[in-house]
Amino acid sequence: MNEIPPFELTRQYKIIGEKVSVAVAEVLKSGRYIGGPTVESFEQQFAAYIGVSECVACNSGTDALYLALRALEIGIGDEVITTPFTFIATAEVITAVGATPVFVDIDAETFNIDVTKIAAAITDKTKAIIPVHLFGQPADMTSLMDIAQTHSLAIIEDCAQATGAEWAGQKVGSISHIGCFSFYPTKNLGACGDGGAVTTNDKNLAASIRMLRDHGKSGYYYHQKTGINSRLDALQAAILAIKLSYLDSWNTQRRQVAANYQELLEPLPGIVIPQEMAGSRAVWNQYTIRLTKDQSNSSDRDQVRAELQQLGIGSMVYYPLPLHLQPVYKDLGYQTSDLKVCEQVCCEVLSLPMFPELTFSEQQQVVYSLKDCLS
Ligand SMILES: Cc1ncc(COP(=O)(O)O)c(C=O)c1O
């Protein structure tokens, strides 16, 4: 039997390889390697795809979040509410601008921030909320926008894992003040290296982010602000523009893979499968199940994962330790049991192979193997 990896990029490359080679050669011949028309053209295409007026491309999803916070002038003494169940970058950037992350527990069904618990975490220092559309499932943006309006807070959507997902008919990254995207290779729209983008309808914010991503530059060798170097290179932009035209069909394939898993896994006891929230269109960057049978700690899940690996099935644990209990955040003073749902979920989650080209027979192999490991 073939080994099945958790994600696989070479199948996609076989489909687009020729177009990529042509586009890369054109950029190399052009002599414009950083910024320039290829990057600007991709920014326009991506803004149109997301449904906003402005897109500023940058070097990574991490930088996109950092630049968004900087443009909103969030810094020392401010608090930013976010989820403890996400990749470290979401919180890391809050710390990087000098503000304090405030973690609010998650909803076990969606893995996203529990909007009913946000109000209790708001103080007079709170400036923004960063919801994450985790695993490709949109957070409850209707409730989040209501909370933001009531308390005059900014919302920065972390769309790193959800390019193309929709909430109430609108693409994520177009609903709040700012959307932040990652083009890390395994994302729904992935570059052949690092890349990221910020989307917004606010021209002033976009102008500020454009300046900050290029050393705070307001003219040749004139610097208005302390910025960073976070320019997207033209090779990545050229590749991303090609891939953007395939994104909807790849997301449709991901949705089919998720539907197949749902059908195959539903009868299995001891497994909770992810459900798409009503009114949303998830794009399944990950397909993450919970192993709930006798799961008081992570060792049973880890055992299943190791056995699956022996059967040739790759899987991932996103994420084994919540952010509020990470060593880097011990000074924030959180204790075990502070955010119980998230802590429990971290012991239970297992992400199964998920990529657009995964075949039905491979999915059957994944599920039969999982059945063996659980029996
Ligand atoms: C939820 C989330 N936010 C932010 C990031 C950071 O993106 P990048 O790796 O492009 O810096 C990632 C990347 O894994 C992510 O998954």
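A nonpolar surface patch is made of residues with over 30% relative accessible area and no salt bridge, joined where their nonpolar side chains lie within 5 Å. In this predicted model, Leu28, Tyr33 and Ile34 make such a patch, with an area of about 290 Å².

**Surface patch**
- Leucine 28, one of the residues that make the nonpolar patch, has its place in helix H1, which covers residues 10-30.

**Aromatic rings**
- Across the whole structure, a search finds 15 aromatic pairs, and one of them is formed by tyrosine 246 and tryptophan 250, whose ring centres are 5.2 Å apart and whose planes meet at 15°, so that this pair is stacked.
- The angle of 15° is what decides the class here, because planes under 30 degrees apart count as stacked.
- Both tyrosine 246 and tryptophan 250 belong to helix H7 (residues 234-265), where they are four residues apart, or about one turn of the helix.
- Tyrosine 246 counts as buried at 16% relative accessibility, and tryptophan 250 likewise counts as buried, at 3%; both values are under the 20% limit for a buried residue.
- A cluster linked by ring pairs brings together Phe85, Phe111, Phe135, Tyr318 and Tyr319.
- The ring of tyrosine 49 has the charged end of lysine 171 sitting over it, at 4.3 Å from the ring centre.

**Open sheet**
- Three strands form an open sheet in the order E12-E14-E15, and their pairing is antiparallel.
- Strand E12 (271-272) and strand E15 (349-352) are the edge strands of this sheet, each of them pairing on one side only.
- Between E12 and strand E14 (residues 287-291), the antiparallel pairing runs over two bridges, and isoleucine 271 stands opposite leucine 291 in E14.

- Tyrosine 368, which lies in helix H10 (residues 360-374), counts as partly exposed at 47% relative accessibility.
- The C-alpha atom of tyrosine 368 is separated by 9.4 Å from that of leucine 265, although the two residues are 103 residues apart along the chain.

Key. Residues numbered from 1 in each chain as written. Predicted model: local features only at pLDDT ≥ 70, side-chain atom pairs only at ≥ 80, totals over all residues. Heavy atoms only, no water. Phe/Tyr/Trp six-rings, centres within 6.5 Å; stacked < 30°, edge-to-face > 60°. Buried < 20%, exposed > 50% of the residue type's maximum accessible area, 1.4 Å probe, protein only. Lys NZ or Arg CZ within 6 Å of the ring centre and 35° of its normal. Patch = residues over 30% accessible without salt bridge, like charges linked within 9 Å, V, L, I, M, F, W, Y side chains within 5 Å. Areas by Shrake-Rupley, 256 points an atom, 1.4 Å probe, with all protein chains shown as cover. Salt bridge = Lys/Arg side-chain N within 4 Å of Asp/Glu carboxyl O. Pairing = 2+ DSSP bridges.
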